Amino acid sequence: MTQTIETAVILAAGRGTRLQPYTFDIPKGFMPVGEERLIERSVRLLKENGIKNVIIGTGHLHEHYEKFAKEHGLTTFLSPDYATTGSFHTLIYGSALIKGDFLLLESDLLYHSDAIKSLIDADQKDIILCSGFTQSNDEVYVEVKDGKLKSLSKKKEELGSVDAELVGIWKISMALLEKLKQHHKEAEDGTKKDYEIAIAQLSDDHKVDVLKLDNLAWCEIDNQDHLERAKEKILPRLD
């Protein structure tokens with residue numbers, strides 16, 4: 001039976017240094033692509049798919065998100081050490097606000113609403129959303145074994161097989177979140193690592209299903225090339 005998902009956590013603490021000078025004045029999520037800013041589009045799609053509680057983990061230029069949250073009835077939390085810690089630390093820092101199974105995504109994504117709908121509709125409790133290969137540069141590749149997450153890396157040679165590409169949207173159960181919190185506490189590099197790596201490191205003991213949408217229209221916007229690709233190739237394919 002499909003579980004009801006009503007919460008989404010958006011990680012938005014990063015400084016976006018590869019998108020300077022844009023990110024001198026605004027965080028990455030406030031980049032306008034088409035008629036909407038990235039964060040506006042994400043929140044709209046989440047709400048259209050039944051998400052009632054949106055939590056944003058902030059850092060760089062956090063006041064922009066705080067103002068946006070007040071206007072749209074959202075929740076924010078500031079990760080005070082965002083400049084020296086990774087996305088995993090941001091997630092765990094705000095984990096007390098999470099009360100049920102949730103979607104996890106990043107603020108710099110442009111994506112079709114099928115990404116959200118497919119995750120919510122899926123029966124599995126813990127899912128990594130993947131796509132076919134985008135050739136977009138800076139990809140994270142995913143190794144799949146028996147339909148489950150085995151490993152992931154930006155370096156193909158580190159994987160036993162290269163089966164899909166990470167999108168950056170997940171469905172996470174409270175059971176997995178509890179294991180992540182313990183891992184964060186025990187790992188020597190817990191404050192520095194990315195949450196994707198942390199989940200992959202737990203996947204041997206806690207299965208994470210892979211949902212691959214081969215033709216999903218999506219992109220991450222981390223640099224100027226990504227921004228141009230988003231406007232020219234991805235935006236025209238979106239709903």
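How many aromatic pairs does the count come to? The count comes to 5, with rings of Phe, Tyr and Trp (its six-membered ring) taken as a pair if their centres lie within 6.5 Å. This is a predicted model, in which local features need pLDDT of at least 70 and side-chain atom pairs count only at pLDDT 80 or more, while totals for chains, interfaces and linings use all residues. Residues are numbered from 1 along each chain as its sequence is written, and side-chain values use heavy atoms, with hydrogens and water left out.

**View 1. A tilted ring pair, Phe133 and Tyr141.**
A pair of aromatic rings is described by the distance of the centres and the angle of the planes. For phenylalanine 133 and tyrosine 141 that gives 6.3 Å centre to centre and 50 degrees between the planes, so the pair is called tilted. Planes under 30 degrees apart would count as stacked and over 60 as edge-to-face, with tilted for the rest. Tyrosine 141 is buried at 11% relative accessibility, while phenylalanine 133 is partly exposed at 40%. For these labels, buried means under 20% relative accessible area, exposed over 50% and partly exposed in between (1.4 Å probe, protein chains only). Elsewhere, Phe30, Tyr65 and Phe68 come together as one aromatic cluster.

You'll find leucine 61 in the loop between strand S4 (53-58) and helix H2 (62-72); helices (H or I, at least four residues) and strands (E, at least two) are DSSP runs, numbered from the N terminus. Buried or exposed? Leucine 61 counts as buried, at 19% relative accessibility, and asparagine 137 as exposed, at 54%.

**View 2. The largest pocket, with a volume of about 1,100 Å³.**
Of its 46 lining residues, Lys28, Glu106, Asp194, Glu220 and Asp222 are the closest to the pocket centre. A pocket here, on a 1 Å grid over the protein atoms alone, is an open set of points where a 1.4 Å probe fits, with protein on both sides within 12 Å along at least five of seven lines, and lining residues have an atom within 4 Å of a point. Grid points are joined across faces, edges and corners, and the volume is the space filled by probe spheres set on the points. The elements that each supply at least two lining residues include strand S1 (7-12), helix H3 (87-93), strand S10 (148-153) and strand S13 (218-220). S11 gives the most, with 4 residues. By type, the lining divides into 16 nonpolar, 16 polar and 14 charged residues; Ala, Val, Leu, Ile, Met, Phe, Trp, Tyr, Cys and Pro count as nonpolar, Asp, Glu, Lys and Arg as charged, and the others, Gly among them, as polar.

**View 3. The largest nonpolar core, seen around Tyr111.**
This core has 32 residues, and Leu46, Leu103, Tyr111 and Ile169 touch the most other members. Apart from it lies another core, of 29 residues, with Leu11, Ile98, Ile199 and Val208 among them. A nonpolar core is a set of buried Ala, Val, Leu, Ile, Met, Phe, Trp, Tyr and Cys residues joined through side-chain atoms within 4.5 Å. Not counting residues up to four places away in sequence, tyrosine 111 touches residues including Arg41, Ser42, Ile116 and Trp218; contact means heavy atoms within 4.5 Å.

**View 4. Helix H6, mostly covered.**
Of the 8 residues in H6, 6 are buried: Tyr195, Glu196, Ala198, Ile199, Ala200 and Leu202. These buried residues pack against S1, H3, strand S6 (102-106), S10, S11 and helix H5 (174-186).

Leaving aside neighbours within four places in sequence, tyrosine 93 is in contact with Phe77, Leu78, Ser79 and Pro80. Tyrosine 93 and phenylalanine 77 are 16 residues apart in sequence and 8.6 Å apart in space, C-alpha to C-alpha.
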